[in-house]
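Hi there,

Here is the structure I promised to pass on.

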Amino acid sequence: MELIVQGIIKAFELIISFDPEVLGITWLSLKISGTATLISLIIGVSIGTAVALNNFFGKRLVISLINTGMGLPPVVVGLFVTILIWRNGPFGFLGILYTPTAMIIAQAIIATPIVMGISLAAIQNLPPNLRLQILSLGASRLQLVWVLIKEARLPLLAAVMAGFGGVISEVGASIMVGGNIKGYSRVLTTATVMETSKGNFDIAIALGLILLLLAFVINFLLTQIQQRQKLR
Amino acid sequence: MLKHLKPTTVFYIVLVAFITLCGFICFFNGKTSSKQNAIILATTTSTQDSGLLDTLIPIFEKQTGYFVKTIAVGSGAAMAMGREGEADVLLVHSPDAEKKLVEEGYGINRRIVMHNDFIIVGPGSDPAKIKSVKSSAEALKMIAKTGSLFLSRGDHSGTDAKEKTLWKKANINPAGQKWYQETGLGMGQTLGIAAEKKGYTLTDRGTYLSMKKNLNLDILVEGDADLLNIYHVMEVNSTKWPKVNAAGAKAFADFMVSKQTQGIIKTFGIDKFGSPLFFPDAGKKMED
């Protein structure tokens, strides 16, 4: 119990004193997971919408695969990304193992199926007549997709939150492809793991609390945007 | 109409801001660390967890301009990275496996850096009564005989390798025994589990000292010659793996055995723990 109190006090100390190292780690977490979420958003929403709007052979199989991907274990992603991008691997020439770029790639792979699955369900959940109505008003195909995405904005923002939440809290892949290098690829989750194994439980608790706070602020902002529409 | 547009406008603005921000990030990410200057150092967790590398590496980086990527894993994993050419330089403490790596030609220029020692720790109540025994082999025999809980790393780290040799020396095969549990975790976490479960474990002194305040474990066996913990630095052979940064690896290995670094190692930890965590050994032979 005493330890938890110590951790909370430490967290406040670290936040209030603007500890440059903690600040850097927090900012890096935000940058990496934000970029990964953005990439997953572009890929996930477009493919999710395409799958939802088209009928083709094997559609159910594809949807099952996407839904399975929503539970992709981060360590497995980390392992495969590591093997693919290490020096003597097929993408070794890029030289990106143990860099923030590698972490963005791994996190984007984790977040993409999550965003894809939710956007797929969101678009499928729209009333079927809506499509006919929009088309009958003379919309082009691109305009149709755009209107549908706008209509499904609520669940799509939920997709963003789920994707972001999935990657900002992820540690397995980040530590494998990023290497937890001080001042370079150390993020909140990997730092928490390291401080725990060092026995600095107060700092670990503090980092954990900062991570929670960060996730809360981001989700609060996104929820603001999401719910504004509803209250109108 | 204006009212109707507002939330969507906000949405676009946020989206555009987000994209711009990420554009900048990608730009910044792109320009960090050129390949030439980066060295991958694969090492054991104890050198990182004790804070030694946090002290040494900034000095090295400032002196040479290299950028060190420290990957702290067990000695086994570190040497596997060396064997695959995925690291440039290794700082490890698993002498038998190191010799093998050198014999196979993957590791070159292996040099001694420092040592500290292993200790057997356990609960103060000491159910196996090992505190009175002199040698580590004797202590392990007692633990086995009384069936007292022993926590093993079980992760092919240097500590794990040392533990396996000690069991061998005591003529006991603990694998599969009920009182013998493998954590598969790092030293710090294994110590935490030993403390929680009131079990015995083998640890390097540095990690134990740096975590002592949170543990309810006492040093029960120490000072045995078998318990010596020796760290070596070696470079990965660039003729086997052309992508290895040979110059950088050599620079780092030279730095580790330099007079200045050895001096820092000598005093490291005194201010925090009252005694040094490592003893510099550069230039000595392992037999000394």
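Predicted model: local features only at pLDDT ≥ 70, side-chain atom pairs only at ≥ 80, totals over all residues.

Let me start in chain A. Helix 2 (residues 20–53) and helix 5 (residues 100–124) of chain A have axes that come within 6 Å and cross at roughly 35°. The crossing of helix 2 of chain A past helix 5 of chain A is right-handed. Sorted by class, their contact contains 20 nonpolar and 11 polar residues, with no charged residues.

Also in chain A, have a look at Glu170(A), which sits in the loop between helix 8 (153–168) and helix 9 (172–178). Is Glu170(A) buried or exposed? Glu170(A) counts as buried, because it has 25 C-beta neighbours inside 10 Å and the cut-off for buried is 20 or more. Leaving aside residues up to four places away in sequence, Glu170(A) touches Pro74(A), Gln107(A), Ile110(A) and Thr189(A). Ala152(A) is 18 residues from Glu170(A) along the chain, and their C-alpha atoms are 27 Å apart.

Now over to chain B. The axes of helix 6 (residues 136–146) and helix 7 (residues 158–169) of chain B come within 9 Å and cross at roughly 80°, which means that helix 6 of chain B is roughly perpendicular to helix 7 of chain B. Helix 6 of chain B contributes Ser136(B), Ala137(B) and Leu140(B) to the contact, while helix 7 of chain B brings Leu166(B), Trp167(B) and Lys169(B). By class, that contact has 4 nonpolar, 1 polar and 1 charged residues.

Best wishes

Terms used:
Residues numbered from 1 in each chain as written. Chains lettered and ligands numbered in written order. Axes fitted to C-alpha atoms, helices over the stretch in contact; angles between N-to-C directions. Helix = DSSP H or I, 4+ residues; strand = E, 2+ residues; numbered from the N terminus. Parallel < 35°, antiparallel > 145°, perpendicular 65-115°, else oblique. Contact = placed C-beta atoms within 7 Å. Nonpolar A, V, L, I, M, F, W, Y, C, P; charged D, E, K, R; others polar. Buried ≥ 20, exposed ≤ 12 C-beta atoms within 10 Å, placed from the backbone. Left-handed = near helix turned anticlockwise from the far one by under 90°.
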